[in-house]
Amino acid sequence: MAEVIIVPRSAEGGNLVASEIARRIRATPDLVLGLATGSTPLPVYEALRPALAEVDVSGVRGFALDEYVGLDPAHPQSYRSVIAREVVEPLGLDPARIRVPDGRLDGIAHAGEVYEAAIMDAGGIALQILGIGTDGHIGFNEPGSSFASRTRVKTLTEQTRADNARFFASPDEVPMHCITQGLGTILEAGQLVLLAFGRSKAAALAAAVEGPVSASVPGSAIQLHPHVTVVVDEDAAAELTRADYYRYAYANKPTWQGL
Ligand code: F6R
């Protein structure tokens, strides 16, 4: 079962996850991180700045979860740009060690295989940060995605395009296609850290954590992983039926156990 940690606000969640990542990097300087984009992981990236101030991050490697297809990599909302702006530059990571799937049309047919090979060459992702979409997606694995899927091109749902329209000048500008790590890829990471903040995530989060394991709720794939930490605020936790147990378990968490 996933460990579910309910925090008062997203900032506390960010601090918690950032201190664990800093601990892991101190122990393993070439740690391989899986990096989510969107609004949810921003408190983690903000908290990582002070948490990593005294830590040598020159060896840290990273793989983004996904990228829009056909969007100019230089566009400010391409995930290549977002990862550079929100993660690589503020944390002082080596840009050569941080990869984002290649969403350019030229070569898109093989971009998934190339990305999978790069993850394998790095020895796999040690800690994967995840957000969840209001339709239950993780990465951009929309409902119906195979649990065995690998990095590939997907069509975004209208709901996801509408949710992400806030990042673009108009809803029509949100790309129709993306390239995303598959659920099978995500499930191979050593540890999954799924974050969710805000009431709009409550139904999807409860379905992912407590609902039946189903391709109709891609986030429910996390129930198949042996090491999952779910960090949510009170609003995102609103529809969890076992919230009292999660609070009780966290209050009595063994001191020797990391996240
Ligand atoms: C982003 C990603 C998506 C987002 C999800 C939530 O790399 O893979 O699964 O995590 O769409 O987006 P936000 O955090 O903007 O609500």
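Me: Which residues have the most contacts inside the largest nonpolar core, and what makes this set a core?
Reply: The largest nonpolar core has 81 residues, and those with the most contacts inside it are Ile-21, Ile-222, Val-230, Val-232 and Leu-240. H3 gives the most to this core, with six residues. The set is called a nonpolar core because its members are buried Ala, Val, Leu, Ile, Met, Phe, Trp, Tyr and Cys residues joined through side-chain atoms within 4.5 Å.
The model is predicted: local features need pLDDT of at least 70, side-chain atom pairs count only at pLDDT 80 or more, and totals for chains, interfaces and linings use all residues. Residues are numbered from 1 along each chain as its sequence is written, and side-chain values use heavy atoms, with hydrogens and water left out.

Me: Which residues is Ile-222 in contact with, leaving aside its neighbours within four places in sequence?
Reply: Ile-222 is in contact (heavy atoms within 4.5 Å) with Leu-130, Ile-138, Leu-192, Leu-194, Ala-208, Val-209, Val-228 and Val-230, its neighbours within four places in sequence being left aside.

Me: Where does helix H3 bend, and what covers its buried residues?
Reply: H3 covers residues 79-91 and bends by about 35 degrees at Arg-85; the bend is the angle between axes fitted to the seven residues ending there and the seven starting there. Helices (at least four residues) and strands (at least two) are DSSP runs, of types H or I and E respectively, numbered from the N terminus. The buried residues of H3 are Tyr-79, Ser-81, Val-82, Ile-83, Val-87, Val-88 and Leu-91. Their cover includes strands E2 (32-35), E3 (61-64), E4 (66-68) and E5 (98-99), together with helices H2 (42-51) and H5 (158-164). After H3 comes Gly-92, with a positive phi near 70 degrees.

Me: Why is His-137 called buried?
Reply: His-137 has a relative accessible area of 9%, and is therefore buried, the class being under 20%, with exposed over 50% and partly exposed in between (1.4 Å probe, protein chains only). His-137 lies in the loop between strand E6 (127-130) and strand E7 (152-155). Not counting residues up to four places away in sequence, His-137 touches Gly-131, Ile-132, Glu-142, Thr-160 and Pro-218.

Me: What makes the approach of His-137 to Asp-135 a polar contact?
Reply: The two side chains lie 3.0 Å apart, which meets the limit for a polar contact, a pair of N or O atoms within 3.5 Å; within protein, one must be able to donate a hydrogen and the other to accept it, and residues adjacent in sequence count only if both atoms are side-chain atoms. A polar contact of 3.0 Å also joins the side chains of His-137 and Glu-142.

Me: How many residues surround the ligand, and which are the closest?
Reply: There are 14 residues around the ligand, the closest being Thr-40, Asp-66, His-137, Gly-139 and Lys-201; a residue counts if one of its heavy atoms lies within 4 Å. A polar side-chain atom of His-137 lies 2.7 Å from an oxygen atom of the ligand, and a backbone N or O atom of Gly-139 lies 2.6 Å from a ligand oxygen atom. The protein covers 94% of the 410 Å² of accessible area that the ligand has on its own.

Me: How do you know whether Phe-168 is buried or exposed?
Reply: Its relative accessibility is 7%, so Phe-168 counts as buried. Phe-168 is found in the loop between H5 and strand E8 (177-180).

Technical notes. Accessible areas come from the Shrake-Rupley method with a 1.4 Å probe; for residues, only the protein chains shown count as cover.
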